[in-house]
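This report works through the contact between two protein chains and then through selected features within each of them. The sequence and the structure come first, and the description follows.

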Amino acid sequence: MQVEVRHKKFGGAQILDWIEMSVGAGEIVALTGPSGIGKTTLLRIIAGLDRDFEGAVTDPGRIAMVFQSPTLMPWRSAADNLRLTTGAERASIDRLLDEVGLEGKAKFFPGQLSLGQQRRLALARALAANPATLLMDEPFISLDEETAARMRRLTMKVLEGRRIATLIVTHDLVEAATLADRVVMLGGRPAAIETIVPITTPRARRDAVTEAAALRALTPGGAGNAHGNLT
Amino acid sequence: MSKPNNQGGASGFSRISPAALLFPFLFIGVWYVAAGLAGNETTFPSPVTVGKIILAEARSGALFIHVGATLARVAAAFVIAMAVGCAIGLWMGRNRGINRWGDPWLVFFLNMPALVTIVLCYIWIGLTEAAAITAVAINKIPMVAVMMREGARTLDPGLNDMARVFRMTPAARLAHVVIPQLAPHFASAGRAGIALIWKIVLVVELLGASTGVGFQIHTYFQLFDVGAVLAYALSFIIVMLVVEYLILQPWERHASRWRNAG
Ligand SMILES: Nc1ncnc2c1ncn2[C@@H]1O[C@H](COP(=O)(O)OP(=O)(O)OP(=O)(O)O)[C@@H](O)[C@H]1O
Ligand SMILES: [Mg+2]
């Protein structure tokens with residue numbers, strides 16, 4: 001999946017400047033930057049929800065999105081929320097619900113699930129769509145740290161072995177360093193890519209120590225100078 | 001947070017509240033006492049007298065013919081008003097330009113007295129069934145449109161984005177995203193509508209029909225037969241109560257069960 005935005009305006013205000021990035025199959029890229037910089041805007045452009053921009057999105061394939069809030073249909077059961085949006089089969093729905101730890105909750109309405117469970121259902125829905133490109137907009141926000149950590153591990157586990165190009169928006173640098181193969185930081189006004197930091201530690205070996213090291217690389221004044229190749 | 005009255009038995013009857021079940025008895029009791037105090041069977045007949053008239057009219061078949069005719073008109077006008085009103089309301093709610101142009105028209109028709117619409121329909125279309133039903137529908141359409149427009153404005157943009165990203169088909173979107181959000185607005189438009197419609201139908205029948213509860217009330221009014229007037233009015237109210245408690249409310253409960261689950 002590649003995206004090239006030459007510029008994006010809302011009314012008169014230019015929000016995004018020239019941004020070009022690509023995410024390969026099986027790759028996880030984290031997108032960070034201060035609040036209001038245009039991360040959600042970029043995601044909506046990639047998702048095809050906002051076509052009012054100059055530039056192009058190439059080869060996204062089938063797109064699935066995990067929104068900042070779970071965005072489930074509260075009047076449909078958990079299983080129906082997967083089936084009606086993605087057309088997934090009964091068997092794969094049951095398998096996915098198991099995978100995200102919602103076994104036995106197929107008939108529950110979203111209102112009967114906790115926020116963390118709703119988030120997992122939204123993740124399961126995105127996976128049920130069998131996407132080539134997965135977009136996640138701060139998927140773990142407003143969860144307590146323990147739940148968020150559990151969700152991160154779960155996300156890593158389910159993405160493992162699937163050839164999905166994943167772009168995950170996050171404010172949380174630890175989260176970025178734990179999940180991603182590459183961290184793209186947006187900055188400036190209008191926003192452009194400021195830094196790209198590759199995380200070289202294999203995902204399986206990312207423990208607290210390497211996370212801390214990665215984090216140092218990501219924070220200003222650290223070793224983060226990898227204005228690397230955009231692809 | 002579930003309400004205790006949602007955990008009753010499975011049958012429709014067991015979910016009707018005791019207050020609703022007791023209501024007919026209380027009503028007849030109050031009426032009986034009031035009629036006794038008034039002491040004039042001609043102008044204020046007792047429930048016993050009216051009950052006898054209802055039975056007699058039912059035995060002769062007249063009751064069913066007239067209540068049936070009114071019910072058919074109510075149903076036809078209701079279906080037309082809901083369909084057209086929903087279409088207009090949703091269109092205006094989703095499209096700002098249409099809303100800007102359509103709004104004054106809506107206010108105009110909203111304030112048009114029912115009587116004027118009825119008289120004009122009879123004059124322009126003729127004293128026909130079509131004119132009667134059109135007149136009633138025109139009275140009701142603006143109100144349905146206003147209520148559905150509110151519904152369309154409150155559609156969740158997040159769910160709309162979700163449906164677009166996941167490429168839900170238009171039919172699936174309508175059935176699983178749009179209609180469930182509009183259902184409460186639809187139910188209250190329908191609820192308010194049916195009460196209004198049957199009252200307008202009576203006026204329409206009074207002015208230009210030869211069947212129906214309105215026609216019978218008109219006839220018996222000229223004969224100064226208060227008992228028969230009450231008999232017909234009451235019979236129709238009973239029909240509408242049955243519709244409300246045995247059809248509308250169970251349907252609404254079914255449609256909103258996701259709210260109370262848990
Ligand atoms: N529909 C819109 N109309 C006008 N301006 C908008 C619109 N949507 C977003 N913006 C503006 O675009 C900028 C970027 O918004 P965006 O939601 O993409 O930020 P973000 O990086 O996702 O922030 P956060 O981390 O707080 O979610 C903001 O300044 C916002 O005010
Ligand atoms: Mg955002």
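In this predicted model, chain B and chain A are joined by 6 residue pairs in polar contact, counting pairs in which both residues have pLDDT 80 or more. On the side of chain B that touches chain A, the elements that give two or more residues are helix H7 (157-165), helix H8 (170-208) and helix H11 (257-260) of chain B. H7(B) supplies the largest share of that side, with 6 residues. By residue class, the side of chain B that touches chain A divides into 10 nonpolar, 4 polar and 3 charged residues.

The contact as a whole takes 17 residues from chain B and 23 residues from chain A. The size of an interface is often given as the accessible area lost when the parts come together. Between chain B and chain A the buried area is about 1900 Å², and carbon and sulfur atoms give 69% of it. Within chain B, the residues that lose the most area to chain A are B:Val165, B:Phe166 and B:Trp258, which together account for 37% of what that side buries.

How many salt bridges are counted between chain B and chain A? The count is 1 salt bridge, and a salt bridge is formed where the side chains of B:Asp161 and A:Arg44 meet, with an N to O distance of 2.5 Å.

A search of the whole structure finds 14 salt bridges over all chains.

| Salt bridge | N to O distance |
|---|---|
| A:Arg83 and A:Asp80 | 2.9 Å |
| A:Arg90 and A:Asp94 | 3.2 Å |
| B:Arg149 and B:Asp103 | 2.8 Å |

The two pairs from chain A in this table each sit within one helix. A:Arg83 and A:Asp80 both belong to helix H2 (residues 78-86) of chain A, where a separation of 3 residues places them about one turn of the helix apart. A:Arg83 counts as partly exposed because its relative accessibility is 40%, and A:Asp80, at 22% relative accessibility, likewise counts as partly exposed. A:Arg90 and A:Asp94 both lie in helix H3 (residues 90-99) of chain A and are 4 residues apart, again about one turn of the helix. Here A:Arg90 is exposed, since its relative accessible area is 52% and the cut-off for exposed is over 50%, whereas A:Asp94, at 32% relative accessibility, counts as partly exposed.

In chain B, B:Arg149 forms a salt bridge with B:Asp103, their closest N and O atoms being 2.8 Å apart. This pair links distant parts of the chain, with B:Arg149 in helix H6 (residues 129-153) of chain B and B:Asp103 in helix H4 (residues 96-110) of chain B, 46 residues apart. B:Arg149 is buried, with a relative accessible area of 8%, while B:Asp103 is partly exposed, with a relative accessible area of 28%. Elsewhere, in chain A, salt bridges that share partners join A:Glu145, A:Arg152, A:Asp172 and A:Glu175 into one network.

Turning to chain B as a whole, its secondary structure comes to 11 helices and 0 strands. The C-alpha trace of chain B spans about 70 × 55 × 30 Å along its principal axes. Of the 262 residues of chain B, 36% count as buried. Among the contacts in chain B with a separation of 6 or more, 71% are accounted for by residues 24 or more positions apart.

Cysteines can be taken next. The search of the whole structure finds 0 disulfides over all chains. Is B:Cys86 buried or exposed? B:Cys86 counts as buried because its relative accessibility is 12%, under the 20% cut-off. B:Cys121 also counts as buried, at 7% relative accessibility.

A:Leu113 is placed between H3 and helix H4 (115-128) of chain A, and at 7% relative accessibility A:Leu113 counts as buried. Leaving aside residues up to four places away in sequence, A:Leu113 touches A:Lys105, A:Phe108, A:Gln118 and A:Leu121. A:Leu113 and A:Leu102 are 11 residues apart in sequence, and their C-alpha atoms are 9.5 Å apart in space.

Conventions: Residues numbered from 1 in each chain as written. Chains lettered and ligands numbered in written order. Heavy atoms only, no water. Contact = heavy atoms within 4.5 Å. Buried area = accessible area lost by both parts, 1.4 Å probe. Salt bridge = Lys/Arg side-chain N within 4 Å of Asp/Glu carboxyl O. Polar contact = N/O pair within 3.5 Å; in protein donor to acceptor, adjacent residues only side chain to side chain. Nonpolar A, V, L, I, M, F, W, Y, C, P; charged D, E, K, R; others polar. Disulfide = S-S within 2.5 Å. Buried < 20%, exposed > 50% of the residue type's maximum accessible area, 1.4 Å probe, protein only.
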